[in-house]
Amino acid sequence: MKPAPFSYFAPSDLAAALELLSHHGYDAKVLAGGQSLIPTMNFRLAQPQVLIDLNGIQELFYVKEERDGQLRIGAMTRQRTLECSDVIARHVPLLHGVMPFIAHVQIRNRGTIGGSLAHADPAAELPAVMVALNARFRLQSTHGERWVNAADFYIGLFTTELAPDEILTEIAVPSLPARSGWSMQEIARRHGDYALVGVAATVTLDGADRCQDVRLVYLSVGEGPTQALTATRTLIGEQATPDVIAAAAHAAAHDDIEPLGDIHATAAYRRHLVEVLGRRALQEAVARAKS
Ligand SMILES: Cc1cc2nc3c(=O)[nH]c(=O)nc-3n(C[C@H](O)[C@H](O)[C@H](O)COP(=O)(O)OP(=O)(O)OC[C@H]3O[C@@H](n4cnc5c(N)ncnc54)[C@H](O)[C@@H]3O)c2cc1C
């Protein structure tokens, strides 16, 4: 299949891209790595009349470390750049650790962090990881900018807070406090496939090894990244013993998540995976926090 005809613009700075988007609005799409958009256009599931290519905008490619340990990542940063970055590995090991789960290296060579976050595929890893990390997204238009928490950015299936004239330009990721651990778990039929179920976890312990902060965020079980809030309440203030972790994972599967069945997995199998992966993720995150 070939895409429907479209006009193509390749601005070399952000201001020009925002101007173009403001002019063409609903008729336009921005092109990042093209790993999701181009197949969608080839199948004619998307037929934008205008394509605004962000690949020539150098100001959107960066990883910056702030004095407080927070990282700022330009939206056009390739997924492979994050995978190979020592700064990311040191400051946000969960973001580093998730990369091998995303597709294949050829796709990560082109795919961008901003493209994955804006595309909002419910089976994508990065949205769940950003909610688990309490990240914030900078959205810019010709009218100015606003910051949105990752948890508030996802509002439905492939649907985000982005207005038609806005570009996601930057992702701010705080580093986890001391005595924190993380884990990323998922089951896919083959390596590189989208996950049947996946989960990102972070755990912060206090001086007495009680859980101070817990985030357990699933993918492929709803319309977007799905937080297991009852499960996390089960853990807060408690020692993360195997029994408490098992109770939390059970709560995630039976109180928090209502998975749907499809051609890839039944709802019952997904629920089973929610419990098993939740338990593994919490165990690993707690072990990392203690070490
Ligand atoms: C075979 C295959 C397997 C894959 N497997 C996985 C997987 O296992 N897990 C996973 O998470 N992903 C997977 N992907 C998707 C991949 O990670 C893509 O890179 C990603 O979803 C989209 O990123 P992109 O930079 O290519 O964006 P594009 O495809 O260029 O854009 C995607 C959408 O986001 C919009 N957009 C892009 N950037 C911005 C921005 N800065 N601001 C506003 N809107 C923007 C575009 O207009 C478009 O609507 C797979 C892709 C393929 C082809």
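Let's start with two helices: α11 (residues 242-256) and α12 (residues 267-290) pack at an angle of about 145 degrees, and their axes are 8 Å apart. Please keep in mind that this is a predicted model. From the helix pair, the tour moves on to a sheet and then to the ligand.

**The helix pair**
- The crossing that α11 makes with α12 is right-handed.
- On the α11 side, the contact is made by Ile-245, Ala-246, Ala-248, Ala-249, His-250, Ala-252 and Ala-253.
- Facing them in α12 are Arg-271, Val-274, Glu-275, Gly-278, Arg-279, Leu-282 and Gln-283.
- Sorted by class, this contact holds eight nonpolar, three polar and three charged residues.

**The open sheet**
- Four strands form an open sheet in the order β11-β12-β13-β14, and their pairing is antiparallel.
- At the edges sit β11 (180-187) and β14 (226-227), each of which pairs on one side only.
- Strand β13 (residues 211-219) runs antiparallel to β14, and two bridges join them.
- Within this part of the sheet, Val-217 stands opposite Gln-227 of β14.

**The ligand and its shell**
- The ligand is surrounded by 28 residues, and the closest are Gly-33, Ala-103, Gly-111, Gly-115 and Ala-124.
- At least two residues of the shell come from each of β2 (28-31), α7 (113-119), α8 (125-132) and β10 (167-173).
- Helix α7 gives the largest share, with five residues.
- In terms of class, the shell comprises 15 nonpolar, ten polar and three charged residues.
- Both domain 1 (7-53) and domain 2 (58-173) contribute residues to the shell, so the ligand lies between these domains.

Key. Residues are numbered from 1 along each chain as its sequence is written. This is a predicted model: local features need pLDDT of at least 70, side-chain atom pairs count only at pLDDT 80 or more; totals for chains, interfaces and linings use all residues. A residue is near a molecule or strand if its C-beta atom, placed from the backbone, lies within 6 Å of it. Ala, Val, Leu, Ile, Met, Phe, Trp, Tyr, Cys and Pro count as nonpolar, Asp, Glu, Lys and Arg as charged, and the others, Gly among them, as polar. Domain bounds come from an automatic or database domain assignment. Axes are lines fitted to C-alpha atoms, for helices over the stretch in contact, and angles run from 0 to 180 degrees between N-to-C directions. A crossing is left-handed if the near helix is turned anticlockwise from the far one by less than a right angle, and right-handed if clockwise. Two residues are in contact if their C-beta atoms, placed from the backbone, lie within 7 Å. Two strands pair if DSSP finds at least two bridges between them.
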